[in-house]
Amino acid sequence: MKLNQGDTAYDFLAVLCSMLPKEQERKCAIKWKTAGYNKVEKAIKEYQKYVDIILKSSLEQYALYDQAVCQINQFLEQAEEPDEQMMNEIYLLAVRIEKQLSACTELICEGMVTRLKPLNRNYRETGISIYPYFAPEWDTGKSERNREYLLNTEFANHIMIRAEDESPFEIAMHYWNDTGLLRRAEQGWSLKIAITPVHDSLTLKTREEELEEGTVLCVEGVEDEEKVEERIQRIFATLFTGEYSIIIFPEAVGTAKVEEKIKETMRFHPEYCTFVLLPTYCENGDNILTVLGPGGLEVLRTKKGTPFILQEDTGILKREKLNYTNVLNILVTRELGNVAFPVCAELVDPACYDVLCRVGRADTILCPSYSPGIGAFEKTLMKGIAAMMMGVWVNTCSARYVSRSGNVSDVVGMVQIPDGGPEGETLHRIRRECSGKCRESGCFFEIVITCEEKTFRVQSKMYDVYRMGGVS
């Protein structure tokens, strides 16, 4: 494989990565894991000219021309059938070159939010995609990811995704070109989040279809749309004035009209650095999550791809009818790392979770849900501890309508922090305090995650929307 005039250093890096089969990548990573800088430099001394080429290309936005392309192509031609020694040198050269490359977001930004294409243009030919990456604000030094024998473990400013690894899914990367979610303090930072179960009496419009493969349940929205929309807007009006960094609504209880109304409200206060996971809404076989940023800017829109399976008292299983999609969205941020937005069953789908976290290197999980149970979500969130991820899960009390017992857990939210510290508590359960007597105006929970001197603390409090001055 060769480079063309105008190709970039990222294209060269992708070619180097593609020359290392996964088995060889691991083998090289193990071999050089404990090698110091001097030993690495000595091992690739004869390839210093290629490192110099990359350094010089930074003046041309990493574009390569003329003699630089010729020199690189001569190397690639010689390395077409690399032996063991050459494999080691390719591995080291890839690591060395990546460290010379900045995340280069100025090349990809088209506004405050950008749907990212790979930084390399030859991703189809190489099967390799290079994306910018920013580590989260917390210390991940003891993460299991630092024990992986991968190129990504050694990369400083990027992640490399192999097409074969994301199959059967497709990762869609987005970039938010700003900061402001974290509130800085002398000894660390805090993140202020609001979650709401909305209500315990919102019922879904559903119908059943008998298909050859069994019964499917079609969700077509919510009953009493106007009443639901009024309630959600009242709750949001209260939450928005609280200037939370993140507001999360649950799954399935929203409408398209709610989305437009909340966007309109947010446009009046673009100075609020708030991300809103709107309540998902169902229509025409789609279950749609929209994430809004400051000023009501649409950060991303995603469709749920993993259906829930409902088991009735009779033992009959019913599957949620969804238009199939395999796209998983990840938002690249400078404070929370890579943020993923699985909707309910997507979080507990092992294949989906694996691609988001292992391949997409998600650091933060934000998950809205509509579920009669919490057990599977607890177990999945706990997986994030080894990778030192952060996770927030939100449920709705209205899920009692699909519960065989007619009840839902008092736990309406969960927060998983990267490190439990001295106390060792990494999963915090957010419990409702209403004893099953739902407030007509709705309620919400304020969650403050604090990290001071590498020690995490989670505080939460339940509020009545009416008493907080929510408006209709």
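Two strands count as paired here if DSSP finds at least two bridges between them. On that basis, this predicted model has an open sheet made of four strands, running in the order β7-β8-β15-β14 with mixed pairing. At its edges stand β7 (204-211) and β14 (309-311); each has a single partner strand, so one side of each is left without a neighbour in the sheet. Direction ignored, neighbouring strands of the sheet are turned against each other by 30° on average. Where β14 meets β15 (residues 317-320), the two pair in the antiparallel sense over three bridges, and Q311 stands opposite L317 of β15.

Turning to the packing, the largest nonpolar core takes in 105 residues. Those with the most contacts inside this core are L191, I195, L336, F341 and I449. Leaving aside residues up to four places away in sequence, L336 touches P136, W138, L181, L182, L191, I246, D363, T364 and M390. There is also a second, separate core, this one of 45 residues, with L64, F75, Y91 and I97 among them.

Aromatic pairs come next, and the structure holds 15 of them. Take W138 and W189: their ring centres are 6.3 Å apart and their planes sit at 45°, so this pair counts as tilted. The pair ties together distant parts of the chain, with W138 in the loop between β2 (128-132) and α8 (151-154) and W189 in strand β6 (residues 188-195), 51 residues apart. Both partners are tucked away from the surface: W138 is buried at a relative accessible area of 3%, and W189 is buried too, at 6%.

F236 and F240 make a stacked pair, with 5.2 Å from centre to centre and 20° between the planes.

K192 lies over the face of Y244, at 4.6 Å from the ring centre. In another such case, the ring of Y353 has the charged end of K383 sitting over it, 5.1 Å from the ring's centre.

Notes. Residues numbered from 1 in each chain as written. Predicted model: local features only at pLDDT ≥ 70, side-chain atom pairs only at ≥ 80, totals over all residues. Heavy atoms only, no water. Core = buried A, V, L, I, M, F, W, Y, C linked by side-chain atoms within 4.5 Å. Buried < 20%, exposed > 50% of the residue type's maximum accessible area, 1.4 Å probe, protein only. Contact = heavy atoms within 4.5 Å. Axes fitted to C-alpha atoms, helices over the stretch in contact; angles between N-to-C directions. Phe/Tyr/Trp six-rings, centres within 6.5 Å; stacked < 30°, edge-to-face > 60°. Lys NZ or Arg CZ within 6 Å of the ring centre and 35° of its normal.
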